[in-house]
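Let's walk through a fold together, one quick question at a time.

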Amino acid sequence: MPTDAVPAPAQSSATLSRRGFLRAATITGGGLVAAVVAACAPAAQGPSWTYGPTLAPDGAGASSPSPLPATPAPSTDLGHVMPSGSPDYVAHDAHALELVQRFLGGEATQVEGLGNQPYGDPVIDGGAKVFNLTIDEIKHRIDAKGAALDGLGFNGTWPGPRIDVIEGDRIRAVFKNNMRESTGIHFHGQRVPNNMDGVPHVTQDPIPPGGSFAYEFTAEPSGSHMYHSHHNATDQVGRGLLGAFIVHPKDPALRAERRYGISQDIVWISNDSFGGFTINGRGFPATEPIVAKLGDRILIRFMNEGNMMHPWHLHGVPMQVVARDGHDLGSAAFTCDTLGVNPGERWDVLIDCTEPGAWAFHCHILQHAEGAEGMFGMVTALVVQDPASAAIQRETGATAALAAASAAGSTALTCQIRAT
Ligand SMILES: [Cu+2]
């Protein structure tokens, strides 16, 4: 690869991409909720994320115990408000199950306006890579059922397009303000000339409605960075004026796909303002799952564009933290299962997908992730498929015969879940 070429974000080598996973889940139909991976190993016991069946291999006559946890008996301390068997508990379980079904049913692909899509090839002009971006008032959906919000977007999406460049590239980013209010755009983490810093009344005049501004600078340092509004920012960033600006190292050997052998390069931008608690502009159950193959190593670039710290917790496998704010941690790299990401910070983590299953991946401030109506907001899942095993299909109700749908073409098992 020539050193001035922008590497495309690494694609999943999994048989099913994230979207493919959801499509497969969606097209199964007939009462199926989703096809969930070759993760259904007998050892994988637990609640609905990693349900473990006790099934006949052909699925015929299979009768598995419900993988959903039994309604927990309330303890006698501290005034539980939902005593066992109460209507509140029944309603909670029904809501919680419905939300998981919506997630597994592919809601992420059913809501228009997915952000974070690669910008693509820029125009080259006088040695500069030119990125043309509009700043628009948009209607944005956090999930499929909530009302469309009066959001803001770059090129019509929240987050805006993912921009990938090479360290040392000359960048010209031209923003056309189509909003009815002024703005200014800051490239967060980049060493820009002072007059390109994007702070209205400090380094430039505001970009008025109908106006444009070209930010020109040399892309450095490398790493995970962002671009966002720096004007009326609580409102403008909170409503969607945020995006990822990835600067790949000039030395190809240092780029993530070669250095770490990753199969996916994933941007994860959190926000917690106008649209509630979101990952890449979406709240559970419309968040995108991460789908990988057993043995894959993936890279996640956490970016916090919100106003609160969010401790991201991954079940099943640890995270290796290799960079902060674009700066390599070197020998200070560390391993954890919960990583707090403060507003403005970016953290790069590697995940070795060594354990098959559907692993919950969520903010561990519980008010940001789960409540009396079930999970919401900052929740997704890392789905690790084992191509050598059978694919699993999941069903609510106990009557429908499930078709084999193994991505690997091997014998399908079926998981049945009793509807609550
Ligand atoms: Cu949080």
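Predicted model: local features only at pLDDT ≥ 70, side-chain atom pairs only at ≥ 80, totals over all residues.

Q: How many helices and strands does the chain have?
A: Both come from DSSP runs numbered from the N terminus: helices are H or I with at least four residues, strands are E with at least two. On that basis, the chain has 5 helices and 26 strands.

Q: What percentage of the residues count as buried?
A: Buried means that 20 or more other C-beta atoms, placed from the backbone, lie within 10 Å of a residue's own. Out of 420 residues in the chain, the buried share is 47%.

Q: Which residue in β20 is the bridge partner of Q320?
A: Strands pair if DSSP finds at least two bridges between them. β16 (residues 319-324) pairs with β20 (residues 346-352) in the antiparallel sense, over 4 bridges. β16 also pairs antiparallel with β18 (residues 334-336) over 3 bridges, and there Q320 is partnered by T335. Over in β20, the partner of Q320 is L350.

Q: Which residue in the turn of the β16 and β17 hairpin has a positive phi?
A: β17 (residues 327-328) runs antiparallel to β16, joined by 2 bridges, and R324 has H327 as its bridge partner there. The hairpin leaves 2 residues between the strands, and the one with a positive phi of about 50° is D325.

Notes
Residues numbered from 1 in each chain as written. Buried ≥ 20, exposed ≤ 12 C-beta atoms within 10 Å, placed from the backbone.
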